[in-house]
Amino acid sequence: MAMLSGAQILIESLVREGAEAVFGYPGGVTLPIYDVLYSHPLRHVLVRHEQNAAFAAQGYARATGKAGVCMATSGPGATNLTTGLVDALMDSIPVVAITGQVPQALIGRDAFQEADTFGISRSATKHNYLVKDISELSQTVHEAFHIAVSGRPGPVLVDVTKDVLLSKADYSDEQAMMPLRGYRLADEPDADAVERAVEFLWRAERPYIYAGGGVISSSASAELVRFSELLEAPLAHTVMGLGAMPTGHPNFISMLGMHGSYAANMGVTECDALIGLGVRFDDRVTGRLDKFAPGAKVLHVDIDPAEINKNRRADLGLVGDAKPVLRLLNERLSETRATLGRERREARLAWMEHVREMKRDHPYVYEESTDEIKPQALMRKLDQISGGEAIVTVDVGQHQMWAAQHLRFNHPRLWQSSSGLGSMGFGLPAAMGAKFACPDKTVIAIVGDGGFMMSLPELGTIAANQLPVKVIVMNNNTLGMVRQWQQLFYGKRYSEVDVASFPDAALLAAAFGIAGGSVADPADLDEALAHAFDEPGPYLLNVQVTPEECVYPMVPAGGAVDEMILQPEPEAAEAVAGD
Amino acid sequence: MQQLISLLVENKPGALMRVAGVLTSRGYNIESLTVAKTIDPTLSIMTIVAEVGDDGRDLLIKQISRLVNVIKAVDLTDSRAVRRELVLIKIYVEEARRAALLTEAEIFRARVVDASPEAYTVEATGSPDKLNALIALLRSYGPIEMVRSGAMAMARAKQNKLPVPSYTEAALSEG
């Protein structure tokens with residue numbers, strides 16, 4: 001046992017829990033922590049805004065499955081973290097946030113840089129703590145990591161008062177786990193439930209698997225692929241699920257939902273058994289709920305009991321972690337294969353063929369152009385470069401959907417998207433976190449010109465650390481997705497979506513001391529991309545794309561998924577061209 | 001309709017805020033909320049009455065159960081749980097009517113806990129309905145002031161759901 005300061009105990013506790021990097025920004029009350037970090041081997045990455053510390057921690061977490069760690073000072077530091085924490089909560093990403101708090105004697109007295117971080121972060125986190133006693137600090141950090149990564153993962157915030165950071169106590173790195181009496185993890189489903197599920201699965205003639213982020217959190221990709229193969233059932237992913245089944249697998253259809261593929265949305269509409277795995281029947285997936293999979297019985301597997309029957313009533317709910325649940329199901333499915341009579345098997349093979357045919361006949365289409373770079377064509381080029389192997393982070397909007405449609409992912413944890421909260425400015429800092437986690441992987445941040453400007457200061461972090469992240473700005477000089485809605489649903493009254501006056505990318509990059517450039521002519525795109533990816537360090541590439549392109553298919557908000565708009569109406573296209 | 005929820009929670013800072021937050025973030029109005037320690041001082045029991053739509057009831061219980069500080073949450077709305085509430089009522093009653101007031105209060109087993117030349121203060125416990133009747137009655141004696149505790153509820157012996165069923169069982173029985 002050694003006497004350590006609270007700040008030392010905090011850092012030692014982070015190391016003990018396996019933290020490899022902390023994304024943070026110092027301030028008044030966290031000075032004691034930064035004094036420890038000055039001579040400590042734990043890596044601290046100085047970001048340029050606390051929101052990006054939370055996003056970078058997510059980038060690390062999404063790439064590895066381990067908890068990402070971010071740190072901020074009291075008051076504005078803590079409030080700046082909030083968006084990144086809510087984002088992690090929505091997408092179930094494990095993050096541990098450490099914030100400093102003013103000394104206890106000043107709490108509640110409107111002290112300088114005081115904010116009610118504990119109160120503010122309550123609804124932004126899975127759980128949060130305010131540490132006012134040094135004897136609880138080490139244990140609290142332990143609990144925070146445990147809660148962040150276990151069960152349904154999520155962000156946990158630990159707010160520590162400055163007097164705790166400065167006081168001293170004994171520290172030993174062996175911590176007894178205090179029972180968290182109210183924190184229960186899902187058991188494995190019992191054998192009866194598994195049998196009912198197996199019966200359900202064999203009874204179907206048109207089964208359809210709808211798999212999401214829960215499969216990735218659970219590292220259940222192999223089990224998922226096997227499950228789909230045993231059932232000979234088509235599989236669609238949510239935005240969060242992309243990569244859980246390799247894009248090239250013959251059973252994979254595509255993404256479903258608002259901008260999902262024709263085959264994925266028609267498939268879910270026509271199926272008679274819908275198997276939801278680690279999904280939450282989000283409104284962007286289901287569209288009009290009563291028209292979603294209208295003829296299907298539903299088997300819903302999720303680790304969070306509160307998800308079962310939340311949006312869509314499940315005929316059978318299995319609460320549990322996707323990996324063990326799929327293992328149990330696969331085991332029983334392979335033993336009971338004979339249950340599937342020849343007639344039903346033939347019906348199922350016909351169904352599978354029908355879905356594959358829809359996929360063949362209705363790929364994501366766009367008009368080719370030699371005058372301007374089509375955003376979809378850019379995504380195709382990036383896909384060729386990635387070959388399904390690069391980590392791709394995105395912001396939110398049109399580029400996000402085109403990337404989801406056109407890029408392949410051969411593995412889970414390659415695709416990072418702020419999917420639930422939909423936070424612009426996510427992609428670039430997430431790419432930083434991913435690059436720290438996986439230095440050997442190619443990391444591409446595909447961002448829009450709107451979101452890029454929200455995360456712009458992080459070029460400083462990228463430059464300072466010479467992080468070889470490739471930042472590809474899909475620049476249409478407009479807030480494209482908002483514009484798309486205004487075009488389609490607000491009579492083309494384009495209100496406040498013009499974000500022209502984008503900086504010269506080469507000059508901007510040079511101002512930060514990194515390489516960069518712009519490209520607008522389709523004939524130059526290959527060379528510009530080759531240049532960006534050949535550069536050993538970071539690169540900022542601004543790609544001018546067709547300004548008035550809409551993402552299709554599109555299910556209008558609140559519409560039924562089988563009533564998607566497949567392509568622009570000729571009249572609308574003309575009007576756009578004449579603008 | 002009004003939902004009656006009974007909760008076993010860890011007696012920790014923020015536990016009340018977390019539970020109340022699940023309700024308020026959904027726009028549910030909390031009619032009453034009582035909380036106090038149990039025999040085990042590290043645990044508290046909360047009773048909440050809130051206006052919740054029928055289709056939101058199960059989800060609310062599950063979302064409250066999911067909180068790290070909540071050990072158990074049960075919906076007692078449709079049960080025959082024992083419900084009691086305490087009320088203190090100060091009645092500005094003229095001297096001539098005090099004897100009558102005492103007689104009537106006796107019907108409700110209400111008792112006087114403070115008396116002054118201006119007013120009597122009576123205390124009563126009972127079901128919320130009974131207390132409503134008492135309040136209506138006492139108002140006929142003069143102006144009143146009152147404080148109500150909000151409902152406390154306890155499941156009857158055979159309804160007690162301890163030990164807590166595992167999540168798996170709970171979800172399957174509903175699925």
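This is a predicted model: local features need pLDDT of at least 70, side-chain atom pairs count only at pLDDT 80 or more; totals for chains, interfaces and linings use all residues.
## Helices α3 and α4 of chain A

The axes of α3(A) and α4(A) cross at roughly 30° and come within 7 Å; axes are lines fitted to C-alpha atoms, for helices over the stretch in contact, and angles run from 0 to 180 degrees between N-to-C directions. That makes α3(A) roughly parallel to α4(A), a label for angles under 35 degrees, with over 145 counting as roughly antiparallel, 65 to 115 as roughly perpendicular and the rest as oblique.

Residues are numbered from 1 along each chain as its sequence is written, and chains are lettered from A and ligands numbered from 1 in the order in which they are written.

Residues of α3(A) in the contact with α4(A) include E50(A), Q51(A) and F55(A), and those of α4(A) include N80(A), L81(A) and D87(A). Two residues are in contact if their C-beta atoms, placed from the backbone, lie within 7 Å. By class, the contact of α3(A) with α4(A) has 6 nonpolar, 6 polar and 2 charged residues (Ala, Val, Leu, Ile, Met, Phe, Trp, Tyr, Cys and Pro count as nonpolar, Asp, Glu, Lys and Arg as charged, and the others, Gly among them, as polar).

## Helices α3 and α17 of chain A

Helix α3 (residues 50-64) of chain A also packs against helix α17 (residues 427-437) of chain A, at an angle of about 45° and with the axes 6 Å apart. That makes α3(A) oblique to α17(A). The crossing in which α3(A) passes α17(A) is right-handed.

Among the residues that meet here are F55(A), Y60(A) and A63(A) in α3(A), and P429(A), M432(A) and F436(A) in α17(A). The contact of α3(A) with α17(A) has 12 nonpolar, 5 polar and no charged residues.

## Domains of chain A

Chain A is divided into domain 1 (2-171), domain 2 (191-361) and domain 3 (375-551); these bounds come from an automatic or database domain assignment. The C-alpha centres of domain 1 and domain 3 of chain A lie 30 Å apart. Their contact takes 24 residues from domain 1 of chain A and 25 residues from domain 3 of chain A.

On the side of domain 1 of chain A that touches domain 3 of chain A, the elements giving two or more residues are β2 (21-24), β3 (43-46), α3 and α4 (76-91) of chain A. The largest share of this side, 10 residues, comes from α3(A). By class, this side of domain 1 of chain A has 12 nonpolar, 8 polar and 4 charged residues.

The secondary structure of chain B comes to 5 helices and 9 strands; helices (H or I, at least four residues) and strands (E, at least two) are DSSP runs, numbered from the N terminus. Buried residues make up 31% of the 175 residues in chain B (buried: 20 or more other C-beta atoms within 10 Å of its own; exposed: 12 or fewer; partly exposed: in between; C-beta atoms are placed from the backbone).

The contact between the chains takes 26 residues from chain B and 28 residues from chain A. Elements giving two or more residues to the chain B side include β1 (2-10), α1 (15-24) and α5 (167-174) of chain B. α5(B) gives the most to this side, with 6 residues. The residues of the chain B side divide into 12 nonpolar, 8 polar and 6 charged.

Terms used. A crossing is left-handed if the near helix is turned anticlockwise from the far one by less than a right angle, and right-handed if clockwise.
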